[in-house]
Amino acid sequence: MTIVENDKPSPISEFDAMQVDALREIGNIGAAHASTALTNLVKRTIMVDVPECFICKAEQLPSTFGNQEEVVVACFLDAIANEKGAILILFPQEMAKSLSELLIGRQPTLNRDLDEDDMAAVAEIGNICASAYLSAISQFLDQTMIPSPPAVAIDMLAAILQYPAALVAEQMDHVVVIKTRFIYEGNSYGGSILYLPDRESRRLLLNKFGLTQ
């Protein structure tokens, strides 16, 4: 577990280690469901694991995902339950292109830009992943949780993360980030599925593990 506070490790003010471990376990369950859904969708084995879980201040979220100038493809959806959380799926451009080509049935082409068909395919892939991810959490909490229609964007990482950071800042001082990694045909891609539970969903998750805040 990594704790980020002013870019340096520091004591946790809102979560303890057991709570973060519990949320990471939920991330593992959701990632397994997303992996199965992706594999079934594109007819190729795609693994999704959870190599890292960390806590940061909401306003620090954009600076904790590596190269801020990297251009990524993002799929953002609301996670609608009694309250509204969010889920953000980040794909490296090359992986987004590869998944799109698999889904559309297009021959792989080097050095081409993503077009409208690619973006539509990424929206479908993101929707399937988010639905599978939230389904796992819904079953665990025994409450209905559905994704909104996806919004897809391609931009630098820093710009993409500004909106979810602002959304989280409205509800809490700190956020638990569950990073994931896509493994496809022997290659590892540093994408992420970022689940931002609303306050009530987070309370229910922790209660399920016998933990309280």
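I started with Lys97, which counts as buried at 6% relative accessibility. I'm working from a predicted model here. The cut-off for buried is under 20% relative accessible area, so the label for this lysine follows from its 6%. I then looked up where Lys97 sits, and found it in helix α2, which covers residues 93-104. Next I asked which residues it touches, leaving aside neighbours within four places in sequence. Lys97 is in contact with Thr109, Asn111, Arg112 and Leu114.

Next entry: aromatics. How many aromatic pairs does the structure hold? I found three. I followed up on one of them, Tyr133 with Tyr195: the ring centres are 6.2 Å apart and the planes stand at 55°, so I put the pair down as tilted. Tyr133 belongs to helix α3 (residues 116-141) and Tyr195 to strand β9 (residues 192-196), so this pair ties together parts 62 residues apart in sequence. Tyr133 is buried, at a relative accessible area of 0%. Tyr195 is buried as well, at 3%.

Last entry: the surface. I noted a nonpolar patch of about 210 Å², made by Val71, Ile154 and Met156. Is Val71 buried or partly exposed? It counts as partly exposed, with 31% relative accessibility. Patch residues need over 30% relative accessible area, so Val71 clears that cut-off with its 31%. As for its place in the fold, I found Val71 in strand β3, which runs over residues 71-80.

How values were computed
Residues numbered from 1 in each chain as written. Predicted model: local features only at pLDDT ≥ 70, side-chain atom pairs only at ≥ 80, totals over all residues. Heavy atoms only, no water. Patch = residues over 30% accessible without salt bridge, like charges linked within 9 Å, V, L, I, M, F, W, Y side chains within 5 Å. Areas by Shrake-Rupley, 256 points an atom, 1.4 Å probe, with all protein chains shown as cover. Salt bridge = Lys/Arg side-chain N within 4 Å of Asp/Glu carboxyl O. Helix = DSSP H or I, 4+ residues; strand = E, 2+ residues; numbered from the N terminus. Buried < 20%, exposed > 50% of the residue type's maximum accessible area, 1.4 Å probe, protein only. Phe/Tyr/Trp six-rings, centres within 6.5 Å; stacked < 30°, edge-to-face > 60°. Contact = heavy atoms within 4.5 Å.
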